[in-house]
Amino acid sequence: MIIVYLGKSVGFKPLWVLFLGLGLGSLTACQSSPPQSSSPDPTTSSTVTINGAGASFPDILYRRWFEEYNRQNPNVQINYQAIGSAAGIQQMVGETVDFGASDVAMTDAEIAQVKPGVLLLPMTGGSVAIAYNLPGVETGLKLSRSVLADIFLGKLTQWNDPAIARLNPGVTLPALPITVVTRSDGSGTTATLTAHLSAISPEWKQKVGTGLNVQWPTGVGIKSNAGVSAQIQQAEGAIGYVEYGYAKELKLATAAIENKAGKFVTPTVETTANALNTITFTPDLRGFVPDPTGENSYPIVTYSWLLVYKKYKNPAIVPVLKPLLQWSLNEGQKYSPDLGYVPLPPKVRDQATAVVEKLDD
């Protein structure tokens with residue numbers, strides 16, 4: 001059995017329905033703070049527990065990985081709490097988890113705060129889908145770069161606005177107000193979207209900027225990718241941003257977004273991979289592209305990292321964590337496409353696997 005912590009409830013029932021619908025395993029009671037790092041003793045217990053917390057972006061994939069790994073290795077239990085990238089980084093700094101997760105690689109300043117040191121492991125890649133709920137427009141909606149920015153700036157407030165209508169000839173856009181749904185927690189998904197908006201809109205860059213948390217000009221804030229997905233699913237006229245796997249699993253409508261080449265591209269595993277392939281990593285495996293090139297590249301993409309310590313105080317952790325990471329980087333990649341994620345390119349996978357070997361050296 002694998003136990004998964006969800007953190008605080010976002011305060012409305014459809015989130016629980018969402019998790020049940022996704023079939024993501026048994027849920028335990030919500031907790032307001034992450035589980036403390038365990039201290040398993042292999043001489044007295046047959047089960048070793050690894051605790052992690054952080055990004056909700058890769059949560060669908062991580063749950064699948066951890067369930068499958070637990071099935072193959074019943075003595076290894078992985079508790080993962082999807083509380084957002086910002087909180088995942090904070091928990092690493094506070095040394096309250098065995099691993100963290102973030103869709104934004106930690107900065108030098110953040111790494112410097114972690115006394116045992118940090119290794120950054122890109123584990124998967126994905127895209128940020130612009131999902132919407134618009135009666136009669138389940139497919140085919142196109143959003144240009146300027147329109148995308150103006151929606152999130154709150155400058156466009158009606159779905160039948162001429163600026164949107166011009167992009168979508170032949171589509172009957174309802175006279176509904178646009179309800180923007182954003183993240184209220186510190187989020188790598190937010191950082192990915194806002195970096196793209198800053199790259200394509202000088203007004204956005206000046207007024208809002210980029211970050212795990214930003215001051216949104218409009219909209220309603222909800223915690224986690226799961227929460228935003230559920231809100232979009234239940235509210236007509238809603239538009240928001242979620243990791244593509246959530247939109248895929250819930251069959252949410254996703255817009256075709258204008259990319260740098262002027263093409264309107266929907267998020268798929270293929271178009272996301274095209275964009276991710278333009279990223280060049282630094283030696284410590286950090287890399288990001290806010291506005292990728294390529295005619296068939298989806299424009300809002302990121303890798304997602306696991307954050308692990310260079311040194312662990314508990315000698316029982318590394319012998320269990322290391323094989324888990326190696327399995328995830330290799331065999332685990334085969335689960336990615338069906339869930340809406342992009343398997344790591346062989347070069348990136350090999351680089352990350354080599355970093356895993358440095359654990360506790």
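**Close-up views of a predicted model**

**View 1. Strands β1 and β2 run parallel, joined by seven bridges.** Strand β1 covers residues 48-54, and strand β2 covers residues 76-82. The structure shown is a predicted model. Ala-53 has Gln-81 in β2 as its bridge partner.

**View 2. Strand β2 is mostly covered.** Seven of its seven residues are buried. Both faces of β2 are covered. On one side sit Val-76, Ile-78, Tyr-80 and Ala-82, all buried.

**View 3. Three strands form an open sheet in the order β5-β10-β11.** Pairing in this sheet is mixed. The edge strands are β5 (142-143) and β11 (264-265), and each pairs on one side only. β5 and β10 (residues 256-258) run parallel and are joined by two bridges. Leu-143 stands opposite Ile-257 in β10.

**View 4. Helix α2 packs against helix α12 at an angle of about 120°.** Helix α2 spans residues 59-72 and helix α12 spans residues 318-329. Their axes are 11 Å apart. The crossing of α2 past α12 is right-handed.

**View 5. Residues of α2 meet residues of α12.** From α2 come Trp-65, Phe-66, Glu-68, Tyr-69 and Gln-72. From α12 come Val-320, Pro-323, Leu-324, Trp-327 and Ser-328. Seven residues of this contact are nonpolar, two are polar and one is charged.

Technical notes:
Residues are numbered from 1 along each chain as its sequence is written. This is a predicted model: local features need pLDDT of at least 70, side-chain atom pairs count only at pLDDT 80 or more; totals for chains, interfaces and linings use all residues. Side-chain values use heavy atoms; hydrogens and water are left out. Axes are lines fitted to C-alpha atoms, for helices over the stretch in contact, and angles run from 0 to 180 degrees between N-to-C directions. Helices (H or I, at least four residues) and strands (E, at least two) are DSSP runs, numbered from the N terminus. A crossing is left-handed if the near helix is turned anticlockwise from the far one by less than a right angle, and right-handed if clockwise. Contact means heavy atoms within 4.5 Å. Ala, Val, Leu, Ile, Met, Phe, Trp, Tyr, Cys and Pro count as nonpolar, Asp, Glu, Lys and Arg as charged, and the others, Gly among them, as polar. Two strands pair if DSSP finds at least two bridges between them. Buried means under 20% relative accessible area, exposed over 50%, partly exposed in between (1.4 Å probe, protein chains only).
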